[in-house]
Amino acid sequence: MLNPRFRRPVFTPVGGAVLVIALIVLIRSLLARNAYEIVLAVAALLLLLVLGVTGAWKSRKLKELEPGWKPPFPMTAGAEDETLATGFSAAIPLFFRLHFSVRGRFFPSGSKAGTKKGCSVLAETSVPRGETTTQLSLVFPLSGLFTGEGFCRLRDIFGFFSFPCGQPQARTVNVRCAPCYGKKTSINAQTGAEDRRNKPSADEERYYMREYTPGDRFRDINWKSSEKIDTLITRISTDNQEKISRIEVHFRNYSNANDSLSALWLLDRAKARLSYFLRSLMEQNSSFVFDVRAAGSSWEIEDMDDLEDFFEELAVISFSVPQNETATTTNNGDMYVFSTACDVGLPGFILTCNPRPVTLFMIQPENLAKNKKTAQTDEKKGGEYLELLNRIKTGEKKIGTEVLNITDFDFKGCKASPRWLIQRKLKPLGVQASRVEMFYAKTEIKI
């Protein structure tokens, strides 16, 4: 049975208005004995009666209709991919059309999933007459979790009636963050922790030679075989073992500002940077193994299948309450940290990493360094805000800044919450690391 919150009266606002006007005109015409108005009112009421009876009868026959809807996989924020709806093979009376709707709630970055703090979503389309499938546009502005139901309604072409029909189909969809772009990250394979993995003896011949990947020693290249096939081939040690570089990655999703849309947008862009980092390195060198850690969770990513599974989980990761966290001291290789300006515990965490080299990918609001005095003070603390100050002076501050327009929610079928219109100011963080890469993001209201 359709969820009660999706129920609507069979009369549309237009149909209700026509019914009221027709009754008023009929009463007035009877009192005034105006034959012309009586004919018009009776004709309108008869039309409503015929359409109402036909629609009610057919909607009962379509009670067992089970329309299916299949969102694209993976579902990506901002993507224009259509959602496929199927199962509309039933015959429809003349002057009627089937309409398919998806209604539910969207939780940006998985925030407060299971509560009513998400934003409502409604997407609707009509099924062309004689067709058994249709396409539905379901677009989300940023990553998160969507839970909703797809259901049908039988409507007349005049827009007077809308009858519920068929069985609703519920779905829960993880929405991945929109991709980001930039220069590919290159790392030295020797900077990761080395791990030796035994191979079964039966696979020895299979793994004896393979295609060269960045990080392999030049002395292991089989030049004779490479010349024959015009591809660099690397010899694998006959001890039936292969060195694998383990890359330690920390995704710090800590904040107290998990009700702020600007904070959720920063987190979304941090997810995008992490996704780009992992995918680009995996494509460069398939022998990398990534140890990814976030608040209360950890993953070991060895291949593309593991990576795709991780992206699905990453889509619904939201902010966690800040807590003291220390880095692993047993690994002396480089460490890669992804964080946002909401992470007040980041400076302390970086200190615990000493003397390990740390590369920090930081997502900041664009307006953090607009105050010259603040920027100079932070420059003395960490040095990373001087770059942003120079960008502002030279007019380059908008280069690379990713913008989320709050009004996009309404245009894309998601009703924005009024609390998101309140912009929360974030304080700059004085962070020092071996290497810092700054990225900027902001939210704005633009009609």
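Let me start in the sheet: the bridge partner of Glu 82 in β6 is Ser 137. Keep in mind that this is a predicted model.

That pair belongs to a longer pairing. Strand β3, residues 82-86, runs antiparallel to β6, and the two are joined over five bridges. The sheet as a whole is open and has three strands in the order β1-β3-β6, paired antiparallel. Which strands stand at the edges? They are β1, residues 68-70, and β6, residues 133-137. Each has a single partner strand, so one side of each has no neighbour in the sheet. From one strand to the next, the twist averages 25°.

Now the helices. As a reminder, two packed helices are described by the angle between their axes and the distance between those axes. Here, α1 covers residues 13-32 and α2 covers residues 35-61; their axes come within 8 Å and cross at roughly 150°. The crossing is left-handed.

On the α1 side, the contact residues include Val 18, Leu 19, Ala 22 and Leu 26, and on the α2 side they include Ile 38, Ala 41, Leu 45 and Leu 48. Ser 29 of α1 and Glu 37 of α2 are also part of this contact. By type, the residues of the contact divide into 13 nonpolar, one polar and one charged.

Last, Thr 12, in the segment before α1. Is Thr 12 buried or exposed? Its relative accessibility is 15%, so Thr 12 counts as buried. Leaving out residues up to four places away in sequence, Thr 12 touches Gly 159, Phe 160, Phe 161 and Ser 162. A polar atom of the Thr 12 side chain lies 2.4 Å from the backbone oxygen of Gly 159.

Conventions:
Residues are numbered from 1 along each chain as its sequence is written. This is a predicted model: local features need pLDDT of at least 70, side-chain atom pairs count only at pLDDT 80 or more; totals for chains, interfaces and linings use all residues. Side-chain values use heavy atoms; hydrogens and water are left out. Axes are lines fitted to C-alpha atoms, for helices over the stretch in contact, and angles run from 0 to 180 degrees between N-to-C directions. Helices (H or I, at least four residues) and strands (E, at least two) are DSSP runs, numbered from the N terminus. A crossing is left-handed if the near helix is turned anticlockwise from the far one by less than a right angle, and right-handed if clockwise. Contact means heavy atoms within 4.5 Å. Ala, Val, Leu, Ile, Met, Phe, Trp, Tyr, Cys and Pro count as nonpolar, Asp, Glu, Lys and Arg as charged, and the others, Gly among them, as polar. Buried means under 20% relative accessible area, exposed over 50%, partly exposed in between (1.4 Å probe, protein chains only). A polar contact is a pair of N or O atoms within 3.5 Å; within protein, one must be able to donate a hydrogen and the other to accept it, and residues adjacent in sequence count only if both atoms are side-chain atoms. Two strands pair if DSSP finds at least two bridges between them.
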